[in-house]
Amino acid sequence: MITSDQNLSQSSAPTPQDRIKQQQAQILDRLFKAASIFGALAALAGTIDSLQNQSDNPWIILLYWLSLAIVLVFTFWKKPPYSLKAWVFVGLLFILGATDFFDEGLNGSSQAFLITSIFAASLLLRSRSGGFILVLSIFTMISFSIAFSSGLLIDPNDLRSAKISEWVPGIAVVALSGTLIISSLNQLIPQLISSLRESQSLMDELHDQQATLEHQVQERTQNLENRIHQLEITARIIQQISAIQQLEPLLQQTTQLISDHFGHYHVGIFLLDENRQNAVLRAANSLVGKKHISDGDRVRVRDTSLISAAIENN
């Protein structure tokens, strides 16, 4: 019973990939909770700043509040599909980073949002997803650099954004950071899975050894209990026949007691003759055995029977 329970627990144990997915889900839940808190503060601060400075892009504040609403929905949604939840988080980071270029150009925190979205995609999804966000981020920054340098987008407070040469370092930083993040996670996650597999293998081996030891202990304990029980019965038989003085009644009573206590159908006692060449059946509890006694049943000592073997070994 113990072994079967342990085998069941081993078969239902999560695989290394399942453990990674569980950790990713827990991280994503914590990220949404943190985003709901800091997002509310950021949206409130942005709203106050926009009202005080009369921003030319009030729609960005609406985007902040809409993003916060989406974050709150997925924070309190009990069991959304994991991939959908992860892509929503990555998408919000990317959108906030891209729209920040409209308001502040190179002076804002767009690059930080983009790099964070690359990291989140690589960590929560797959390295391919991180690569996709990296390419999309580089394309977005190149597009904004062309738009600012060509005059399609103008920020009088940010003259740096109008020069393509000012965008090149930022694009390089995003590209190098994203490549480093993707490459690192692409190496670390398989190594982590391999380590978890080795750990799981060692745990399974320990469970097997524990089950084997418990089975051996249980088996030996049962054997010991059976041996003690047999010794107790033997002691009772000796106690009951100790008062019998004559040989024939002693032998006959012994066969009957052994049959009664040990549950054997036939019990017979052989004694060696004077020449010690034959074993003669002297007592038996069954009718068949008693017939053999009347027939003078005997076994040669040098025979190949079990009786001969028992005589030679004792």
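**Notebook: sheet, helices and side-chain pairs**

I looked up Ala-279 and found that its bridge partner in E3 is Val-299. I am working on a predicted model, where local features need pLDDT of at least 70 and side-chain atom pairs count only at pLDDT 80 or more, while totals for chains, interfaces and linings use all residues. Residues are numbered from 1 along each chain as its sequence is written, and side-chain values use heavy atoms, with hydrogens and water left out.

**The sheet**

I took helices (H or I, at least four residues) and strands (E, at least two) as DSSP runs, numbered from the N terminus. Two strands pair if DSSP finds at least two bridges between them. E2 and E3 run antiparallel and are joined by 3 bridges. E1 and E2 are antiparallel too, over 5 bridges. There I noted Leu-271, whose bridge partner in E2 is Val-280.

The 3 strands make an open sheet, E1-E2-E3, with antiparallel pairing. E1 (268–272) and E3 (298–300) are the edge strands; each has a single partner strand, so one side of each lacks a neighbour in the sheet. On average, neighbouring strands here are turned by 30° against each other, direction ignored. For such angles, axes are lines fitted to C-alpha atoms, for helices over the stretch in contact, and values run from 0 to 180 degrees between N-to-C directions.

What lies across the strands? I found helix H10 (residues 306–313) across E1, E2 and E3, running at about 65° to E3. Contact here means heavy atoms within 4.5 Å.

Arg-276 is exposed, with a relative accessible area of 56%.

**Salt bridges**

I counted a side-chain nitrogen of Lys or Arg within 4 Å of a carboxyl oxygen of Asp or Glu. The count comes to 3 salt bridges.

- Lys-85 pairs with Asp-29, with the closest N and O atoms 2.5 Å apart. Lys-85 is in helix H4 (residues 82–104) and Asp-29 in helix H2 (residues 16–53), so the pair ties together parts 56 residues apart in sequence. Lys-85 counts as buried at 7% relative accessibility, whereas Asp-29 is partly exposed at 33%.
- Arg-282 pairs with Glu-248, with the closest N and O atoms 2.4 Å apart. This pair links distant parts of the chain, 34 residues apart: Arg-282 is in strand E2 (residues 278–284) and Glu-248 in helix H8 (residues 247–262). Arg-282 is partly exposed at 30% relative accessibility. Glu-248 is partly exposed at 38%.
- Lys-291 pairs with Asp-295, with the closest N and O atoms 3.2 Å apart. I found both Lys-291 and Asp-295 exposed.

**Two helices**

I compared spans with an expected value of 1.5 Å times one less than the number of residues. H8 has 16 residues and reaches 22 Å from its first C-alpha to its last, close to the 22 Å expected. Which residues of H8 are buried? I listed Leu-251, Thr-254, Thr-255, Leu-257 and Ser-259. Just after H8, Gly-263 takes a positive phi of about 75°.

Helix H6 (residues 127–149) has 23 residues and reaches 33 Å between its first and last C-alpha, close to the 33 Å expected. Its buried residues include Ile-133, Leu-134, Met-141, Phe-144 and Phe-148. Also among them are Ser-129, Gly-130 and Ser-137. Just after H6, Gly-151 has a positive phi of about 90°.

**Aromatic pairs**

I searched for rings of Phe, Tyr and Trp (its six-membered ring) with centres within 6.5 Å; planes under 30 degrees apart are stacked, over 60 edge-to-face, the rest tilted. The whole structure gives 6 aromatic pairs. One of these is Phe-32 with Phe-74, stacked at 6.0 Å centre to centre and 25° between the planes. Phe-32 lies in helix H2 and Phe-74 in helix H3 (residues 58–76), so the pair ties together parts 42 residues apart in sequence. Both Phe-32 and Phe-74 are buried. I traced the ring pairs onward: they link Phe-32, Phe-74, Trp-77 and Phe-89 into a cluster.

Notes. Buried < 20%, exposed > 50% of the residue type's maximum accessible area, 1.4 Å probe, protein only.
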